[in-house]
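Here's a quick briefing to read alongside the coordinates. Have the viewer open and follow along.

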Amino acid sequence: MSFLKRTLRNAVSRGLSDAIGKAVQQAVEPKATEYVNKAAGHFEQAAGNAQQQTRRSTAGLEGAFANLERTMQSYATQLGQNMKVCPGCGQPSPADKKFCPGCGTKLPEQTLAQSAVCPSCGKQNSLGMKFCDNCGSKLPAAVQEEEMAAQKNVAVMAQWDTLLPQYPRWCCGGSQLCIEEYGEDGVVFSASFSGNAQAARRAVEQYRQILLQNGFRQAGQYPSIEQLFKRIDGVVYNVDTEHCFEGDPDCACIGFYRREPHGGYDYVKPEPRRNADVDLNDIRKLFKF
Ligand SMILES: [Zn+2]
Ligand SMILES: [Zn+2]
């Protein structure tokens, strides 16, 4: 494949993925290749003619791209008439299926094409759009996506009870919640604040306050005061709120660990567990007073 074709191919692939979603893109892949090759041919022809002005070459390429996108959109919509996409794993399925053959998740009632039909004005929008191109109404596809995200968030918070019972629950907002095992004795919880880094920072600060109110303490100046710990039944549970935004400023990721934080020169070791079972009478007997 020539450099030109490869570049075009990557550009179209990215564009298509944004426009129609990954699942549909897989299905239209063979057609996409055919059309990309046509577009590349068109460009080579335009660029090869040295007599032509640059503007005309560019116009030829833009036209070929616009044409390609229109063709791919209508082809994708046609495919979408008989296709459903699994909200669980993203795999495409034939429209008559009720459950995903890949992961068993219940498939939506509507086909991919139906979920892009505007409920207000009836326009068939391009697949992958969230709002109607004609009147701005929210499309069924977007509603479905939001419902699925809400359900997933509820499921993740239920998972909290199993994996993080020692810590107070996260209740500071965010969406697309996620809990992942991290290393041998750690779990990472993340919440997305889609494009709002300030809200993410506020939420983590609020969660720190909740932890402090629930008996968690700061671990001194090193590793950092951002690290909070609590000893329960001889085990130290610690929360790392220092590195929350390393991956993404809008996505708060907090580490929860079942081990003591690594201490430094002024590290404050957690207090030993007090023995609450000591009876004054026992002491009296022992020392005979
Ligand atoms: Zn699935
Ligand atoms: Zn509409």
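Predicted model: local features only at pLDDT ≥ 70, side-chain atom pairs only at ≥ 80, totals over all residues.

A residue counts as buried under 20% relative accessible area, as exposed over 50%, and as partly exposed in between. The notes below go through confidence, the zinc site and the aromatic rings.

**Confidence**

- Across the protein the mean pLDDT comes to 81, with 70% of the residues at 70 or more.
- Of the protein's elements, helix α5 (residues 197-213) has the highest mean pLDDT, 95.
- At the other end sits helix α1 (residues 3-20), with the lowest mean, 60.

**Zinc site**

- Which protein atoms are the donors of the zinc ion (ligand 1)? They're the SG atoms of C86, C89, C100 and C103, lying 2.3 to 2.4 Å from the ion.
- The site is tetrahedral, and the angles among the 4 donor atoms run from 100 to 115°.
- Along the chain, the donors of the zinc ion follow the spacing C-x2-C-x10-C-x2-C.
- Is C86 buried or exposed? Its relative accessibility is 2%, so C86 counts as buried.

**Aromatic rings**

- A search of the whole structure turns up 9 aromatic pairs.
- One to look at is W160 with F189: the ring centres are 5.0 Å apart and the planes meet at 75°, so this pair is edge-to-face.
- That pair links distant parts of the chain, since W160 belongs to helix α4 (residues 140-163) and F189 to strand β4 (residues 186-192), 29 residues apart.
- W160 has a relative accessibility of 1%, so it counts as buried; F189 is buried too, with a relative accessible area of 0%.
- W160 also pairs with Y207, with ring centres 6.5 Å apart and planes at 85°, so here again the label is edge-to-face.
- Y207 lies in helix α5 and W160 in helix α4, so their pair ties together parts 47 residues apart in sequence.
- Both W160 and Y207 are buried.
- Which residues do ring pairs link into a cluster? They are W160, Y167, W170, F189, Y207, F216, Y237 and F256.

Technical notes
Residues numbered from 1 in each chain as written. Chains lettered and ligands numbered in written order. Heavy atoms only, no water. Donors = N, O, S within 2.8 Å, 3.2 Å for Na, K, Ca; no water. Tetrahedral: all angles 85-135°; square planar, octahedral: opposite > 155°, others 65-115°. Buried < 20%, exposed > 50% of the residue type's maximum accessible area, 1.4 Å probe, protein only. pLDDT = per-residue confidence, 0-100. Helix = DSSP H or I, 4+ residues; strand = E, 2+ residues; numbered from the N terminus. Phe/Tyr/Trp six-rings, centres within 6.5 Å; stacked < 30°, edge-to-face > 60°.
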